[in-house]
Structures are given as C-alpha cells and as structure tokens.
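Please read the points alongside the sequence and the model.

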Amino acid sequence: MNDSVNDLVRRVSEPPDDEVRPHLSGSGYRHLRRSVVLATATVALVPLYIMTGVNLYQYRKVMRNEMIQPISRLTLNAKKSLEYFLEARRSALNFIVEDRTFSELCNRDELKRIMTNMNRSHSVGALVDLGLINSSGEQLCYAGPFELEGKNYSDQDWFFEVERHGTYTSDVFLGFRNLPHLVIATRRQVGERDFYILRATIDAEMLSEQLRTAGLLPGDDVFLINHRGILQSPSRRYGEVLTPISLPVPHYSPGVEVFELADEQGEDVVVAAAFIEDSPYVLIYLKKARDAMAHWSTLRNELLGFLAVSTALILGVILWGARQFVNNMREAARRRAALLHEVEYSNKLASIGRLAAGVAHEINNPLAIINEKAGLLEDLITLDKNFPNRDKFLGIVHSVLESVKRCRTITHRLLGFAKHMDLQNETIHLPSLLEEVLGFLGKEAEYRDLHIDLEAADDLPTIESDRGQLQQVFLNIINNAFAAVDDGGHIDIALASPQSGLVTVTIEDDGVGISKDHLERIFEPFFSTKKGAGTGLGLSITYGIVKKLGGEIHVKSEVGLGSQFTVILPVQRKG
Amino acid sequence: MEPTRVLFVDDEHDLVSAVVERLEIRGFAAEGVTSGSEALERIESGSFDVVVADVKMPGLDGLQLARILGQRHPKIRIILLSGHGSSEDVEEGRRLGVVDYLQKPIDIETLVELLSRTTKGGL
C-alpha cells in the first residue's frame, strides 16, 4: 500500500521538468550575447568607419592639392624662364638676319664681332658659335671654336625644319663636333627660291643651367626630354643627356600637367610636365610621392591610430556592457526559475498535505476499530487462563497490534506533515537544545561508538523560535546522519553566527553521502532511500518547519565522503 | 470506591463496543453511544464523570457536545478524540474546558491513565 500511495503522490506532485529550468540554455545566452555585441558594434562602429573613410578621402584631396600647387608653380616658372631664354635668342637672330645684308653676314670677322657682342649680353648670350648657311646646306661662313666652314648640313633634320618653318629650335644632338648642343636657326628668303640661314649653337649645358637657376627644390629631379622621350638635360634618376627614358611622354598641354604614376621600381612618383613653346622640349619635374605626401602619411597614421584606439575602446565597452546585460538577464531568469521552483514546491507540499490528511483520516477510523477489537481480544485471552492455545493466540494478537502501531506511526506522521503548524515563540539557546536532542540519541551513539562533536561560536546569540519544532528539525537531520555513518563514524555539529541576525547550524557526517540525483529530491515528501524503513517524510517535514520558522536549509554531499546539512535560522522570527 | 462512570461517544459502533468492553474489563463503569444527540439524551438520564467523544461525527460533533456540556453539566470532564488535532480545534477545546486530546487509534492504557488522573481531580 505504501508503495502505491508513494507512486500516486509522486505522479501527482512531480512538476514537469521544463518548468523549473530557465528559458535559455548556456549556449542560448552565448548566442544572445553575440547578437547584442554584433548589433551594438555595427551601430557604433559603421558610422565611425564611414566618417573616417570620408575624412581620409577629403584630407587626401586637400593635401594633394596643397602638394601639387608648389610643384606646379615651380614647374611653370621654369617653363617660362626656359621659353624666355630660347625666345630671346631667336629674336636676336631674327633681328640680325633682317638687319644685316648677306655680304655683311658672310664675313667671318663680322660674324665673330656679332657673336662677341651677343655673348656680352646676358639675355641673348651664351652662344658657342654662329654660322651662315646657304640654301644648299653649305656653311659659307663660320665664327666659333670649331673648324666647320664648308660643312654641308643639307641632310640634317634641323636644316629641313628651318627650310620649312623659317625659325627653328632643335633637339640636343651631337653633330659634327660630337658634343651635345642645340641649334637655333632662322631663315632669310632671297627672291622666290633662294634663301640663307643664320645659325647659332648653344651648349646643352646651358639648358641645365636654366633649370638650376629656376629655383627648383633641391632633392627633386628636374630635366628636359624631347617629344621622343630622349633626355635633353641630365637627370638624377635617368642619367646623362641623350639617354632615352622609360617615362611615357605626356600629351601636349599648354599649361602644367601633374599626375602620379609608378616608376620602374614600383614606387609612386608625382610628375609635373610642361611643354616648352616653340621648342621640342618637355620639362619634367619628378618628385617621390612619399616625400611629397610626407605630411599626408603622418596625418593618415594619426587618423588610423585614432580609429584603432576608438574601435578598441568601443568594443571593450560593448563587450563589457553585453556581458553585464546578459549576466543580469541570466541572473534574473535564474532567480525567476528558483522562485517558480519554490512556489511549485510549496504547492506540491500543500496538495500532498491535503491528500495525506484525507488518506490518514480515512484510514485512522478502521485502524482504530482493528486496534480496539484486537485489544479486546488480547484482554479476553489474557483474562481466560484456560483459553486453548493461549500463547499462540496472544502472539497473533500481539503482532496484529504491532502492525496497527506501525500503521498509526505512518498516519500520524502524515497528519503531522499536513497539520498547520502553530508556532510558539521562545528564547532558545541553541547549544542546549542540540544537547537535548543528542540526549535522545545518546544510547545509540554509545552502542555504535559514534564520535559526536558539538562546537558553538562564543558570540552565538540566543534566538526566538519554536523549541518543539526545532527539536524535530535537528532530530530528523541527526537521525539521518546516524543512519548514514558506519559504526565508529563522526558527526560534527557547528554553530556560528556568520552575520548579525542569522545563526547557522552545520551538521556534517562522514557517512555514505547522497548521490546527485537523490540530492535534488531529498526534501520531497515520500522520497526515501531507506528502502521500506522510512516514510520519506522526515526531511520534507524538516524542510517545511525550517521554512515556517523563517529559515533555510541547504545540503551538500559527495558519495562516499559524507553529507553536510546547514540550517540557517533568523535570530528574530518575522511575522 | 465507586467506579468511574465513562460515556464513550463515536459514530463507529464497532469501535464503541470494543472500547466499552475493554474499559469495563479495567474496572470502569463504561457505556457507549454512536452519536452526539444520543450522548446528550444519555447524560440527561444518568450521571457520568467523564465523556470521551470523537471530534468528527455526523450531526452533533464532539466540540458542539463539549460546548453544551460545558453549559449544562460543568462537572463532567471531557476528553476528545481526533484523527488529526488541528490547532484551531485544540484551541477551542481548551476554551471549552476539554481536559485533553487523544489521537486515534487510541492506546487503551493511555486512555486508562488519563481517566484515572482526570477523576482524581489532578487535571
């Protein structure tokens, strides 16, 4: 019967497992935290990154303009000065060829005099030689350091160009003298067909001189190329005059063009290019981008550094915040689950209480009848000395009465469990109370050679509580400890007041311990591990009493090592 | 010395007859009835020292009986039997002058001892 009642009660009273668990598992909270971190980080960081990107772009644009401006201005200055240099000499030659007659010019001394005069002037000087060439290309007259009279130029490029255009400035070339030089020549038409040419040569070195004096920044590479990409002045980067360079020749533009490109080493360079008017020259100003944009890279590094620090800070705060947030949620869920569990448990106790009371009460009446009838039988047999098989019948009746007694123990416990506890309030000195309780068990402890140690903190306060109920509580727990330990085992009872207003009683044994499964159910009614020997109500009643007294009861245990019950009681009972 | 006169009241006839007989064996002048109203009638027609009554009975229950007896026959001592003594019942019983409570199933020796003490005027 006991078993079937237990089964019934268990089925009625056990809560479905999922109700006491928090809604989210550990991985659920991890997922939630990830989502929170991701969402917050996106909202916080994306605008920051976009802003930084836009800023970088804008700054770069501004800084590039600032970098280009001086390069552009310097290149323009150099272009002007070169153009002036060439134009002044062209004009002088034009003037001379128009001013003097052929016979005047075709006179070596006169030519020499003209050249000397020109070289005296800074603005038209720096001529190496001067010559007069007829329409067949033959140099008729020559003033200069080389022996070039009688040379025929009819197959040279510059000669064709002058014939065609009237005035011409040549590339730098080696010519008969085998020295880099350039030619400025102008044509004088004689009649319909005939003409003659006044030609001056200038040392190519003079072009470099012009570039040097144009005020270009030291450290940069400035040089001239012709339209075919051949150096017309020496370059730091590309070498000596007349070397072809790998840089593409820019398209014609009247002003200064600035562009960036990667050189043959893959390094970025800033190039400013300007075409020199009325000449085959292109002025190139070349600067390493790294140098040109030195300020820019400092600024960019500062911005990126700021971005990195901000990102780290924001992520740190977000991670910390998300952790706090999720932990708070988890804690709240845990508390809620615990509360639910407790409510569930109280309800369970209450309904089992009602059920138990009903069952006990119904059984009590027939039990009382059995008790009295069997008792009467015992009385009658005892009175009749001649009752046949007297002892045998007395034995039978006795065992009936013993069984009734056992039943009564069960029904009384059930009723006691269900009974509304009417609590008394007395001042209780806990060590004395525990000694009283141990007094009940003294004999057993002696027989079994159990070592019981009771220790109380010096500052232990007396408490206001119900003496009878507390005795019941400690009797139950210590009884269980007795059952758990082997003969010769230890039970340590410690009383302390860990914080004002509370007293703890810790009862520790070195017995068999309680398995994890059992530990969870230990305070449930009808849960017993003492196969058939217990009602399974002891600890459940204990739990109920401790709760009624405003206290708490905790249990820790490890199989094979022992168990520890801690009862926490308030010094003043509330309510 | 006159034997103590006991009236046992319980709605279970089998219980009443057995208890009465056992009390008689132990030298009490015991009678039994199976309801509160019967008990009242019996008390009016004869005199008793102690009434032992079940708390839970159909009709007039133990506490009501105690209340009436308290008014009409204050000299009669009352012992109540209960399946489970709820604290409210105990409290009310005390107020009505109930001597003691016994829980069912009763132990006859406990009852006998209680009856003896009661009539000696100890309680």
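1. Two strands count as paired if DSSP finds at least two bridges between them. Strand 1 (residues 129–134) and strand 2 of chain A are joined by 4 bridges and run in the antiparallel sense. Within this pair, A:Gly131 faces A:Tyr142 of strand 2 of chain A. The model under discussion is a predicted one.

2. In chain A, an open sheet of 5 strands is arranged in the order 2-1-5-4-3, and the pairing is antiparallel. Its edges are formed by strand 2 (139–143) and strand 3 (167–169) of chain A; each has a single partner strand, so one side of each lacks a neighbour in the sheet. From one strand to the next, the twist averages 15°.

3. A:Ile202 belongs to strand 5 (residues 194–203) of chain A. Is A:Ile202 buried or exposed? A:Ile202 is classed as buried because 22 C-beta neighbours lie inside 10 Å, the cut-off for that class being 20 or more.

4. Among the residues that A:Ile202 touches, leaving aside those up to four places away in sequence, are A:Ala126, A:Leu127, A:Val128 and A:Ile184. A:Ile184 is 18 residues from A:Ile202 in sequence, and the C-alpha to C-alpha separation in space is 7.9 Å.

5. Between the chains, 22 residues of chain A are in contact with 17 residues of chain B. On the side of chain A that touches chain B, helix 8 (294–383) and helix 9 (390–418) of chain A each give two or more residues. Helix 8 of chain A gives the most, with 15 residues. By class, this side of chain A has 9 nonpolar, 7 polar and 6 charged residues.

Key
Residues are numbered from 1 along each chain as its sequence is written. Chains are lettered from A and ligands numbered from 1 in the order in which they are written. This is a predicted model: local features need pLDDT of at least 70, side-chain atom pairs count only at pLDDT 80 or more; totals for chains, interfaces and linings use all residues. Axes are lines fitted to C-alpha atoms, for helices over the stretch in contact, and angles run from 0 to 180 degrees between N-to-C directions. A residue is buried if 20 or more other C-beta atoms lie within 10 Å of its own, exposed if 12 or fewer, and partly exposed in between; C-beta atoms are placed from the backbone. Two residues are in contact if their C-beta atoms, placed from the backbone, lie within 7 Å. Ala, Val, Leu, Ile, Met, Phe, Trp, Tyr, Cys and Pro count as nonpolar, Asp, Glu, Lys and Arg as charged, and the others, Gly among them, as polar.
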